[in-house]
Amino acid sequence: MRAADGTGTPGEGGTSGAETTGAQVARGAPCWVSLTARDLAAAEKFYGTVLGWEFRSTTLGERFAVAVTDGRPLATIGAVAGDMQVAVGWTPFFAVSQADEATARIRERSATVALGPVSFASGRAVLAADRDGAVFGVWDGRLPGGWQSWHDRGPVVVRLRTRDAFESAIFYGGVLEWADEGRGCCSVSYEYEKAEVVVRACGEVVARISSGAVEAAPDPAVRPHWAVHFAVEDVAACMEAARALGGAVLASGDSPAGPWADLRDPDGGLFTVFSR
């Protein structure tokens, strides 16, 4: 989750329960998502109503909360956007074995390390942006207990919408050690039917990368960014609730797996809901 300096700290769960070790997550796989918000109460009201989340306090103070669904930690909200003068947005974090080494790999590839490595009781975090400006984090440490596996049947899916999927896959593959010869890493393949790069861990999809984003686009939904997708029971109900609370529906449609919708919260945070 996010500390007051903006770093995501997945292991700082407060009252969210026991923790697991980072070794139980494939190296380079997504391991947590965090929202940088302006007002915690407003964010809790919006996401609690739209997505049905409950919230628990954390050890980081009154401006931070862990979102919980079915008794399991799902995401973190930190009301730090105003202090940091940054846009409201969702950030995925990826598991790494060594934060210092990951930081060096990010810089070696001409990307930006915005913050870190920052140390916490449960691990170390880094906040960065890739060469096209998409924000992401890396985490070296323990993870919240009860967190479900990251794959298409889980509660969260992440997708990078970027300028060039192949180029981005090479960048993240180097930083996160995808397709490494050692055990416990992610594999990468290309799905021609969907025209996207697919990242798998233990045979399950954990992330997708697609081309077509415009680097200098004024619309943040069009610029390169990591999109966070949440599984819900009723996409139409989420769309209605988001509009009623001052959010917006940017796009919606149907896929072979069911309906989906791209939403924006009242402060501009982008996210996607899809049918279970």
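**View 1. Helix 1 passes helix 5 in a right-handed crossing.** A crossing is right-handed if the near helix is turned clockwise from the far one by less than a right angle, and left-handed if anticlockwise. This is a predicted model, in which local features need pLDDT of at least 70, side-chain atom pairs count only at pLDDT 80 or more, and totals for chains, interfaces and linings use all residues. Residues are numbered from 1 along each chain as its sequence is written, and side-chain values use heavy atoms, without hydrogens and water. The axes of helix 1 and helix 5 (residues 235-244) come within 8 Å and cross at roughly 155°. Axes are lines fitted to C-alpha atoms over the stretch in contact, with angles from 0 to 180 degrees between N-to-C directions. The two helices are therefore roughly antiparallel (angle over 145 degrees). Phe46, Thr49, Val50 and Leu51 of helix 1 make the contact with Cys238, Ala241 and Ala242 of helix 5 (heavy atoms within 4.5 Å). Helices are DSSP runs of H or I with at least four residues, strands are E runs of at least two, and both are numbered from the N terminus.

**View 2. Trp53 and Phe230 form an edge-to-face pair.** A search of the whole structure finds 17 aromatic pairs. Rings of Phe, Tyr and Trp (its six-membered ring) pair if their centres lie within 6.5 Å; planes under 30 degrees apart are stacked, over 60 edge-to-face, the rest tilted. For Trp53 and Phe230 the centres are 5.1 Å apart and the planes at 80°. Trp53 lies in the loop between helix 1 (40-51) and strand 3 (54-57), and Phe230 in strand 15 (residues 225-232), 177 residues apart. Trp53 is buried at 7% relative accessible area, and Phe230 is buried at 2%. Buried means under 20%, exposed over 50%, partly exposed in between (1.4 Å probe, protein chains only).

**View 3. Ring pairs join seven named residues into a cluster: Phe46, Tyr47, Trp53, Phe55, Trp90, Phe230 and Phe271.** Trp90 touches residues including Tyr47, Trp53, Phe230 and Phe271, not counting residues up to four places away in sequence.

**View 4. The peptide bond from Gly116 to Pro117 is cis.** Its omega is near 5°. Pro117 is found in strand 7 (residues 112-120). Most peptide bonds are trans.

**View 5. Ser110 has a positive phi of about 65° although it is not a glycine.** Ser110 sits in the loop between helix 3 (99-108) and strand 7. At 60% relative accessibility, Ser110 is exposed.

Conventions:
Parallel < 35°, antiparallel > 145°, perpendicular 65-115°, else oblique.
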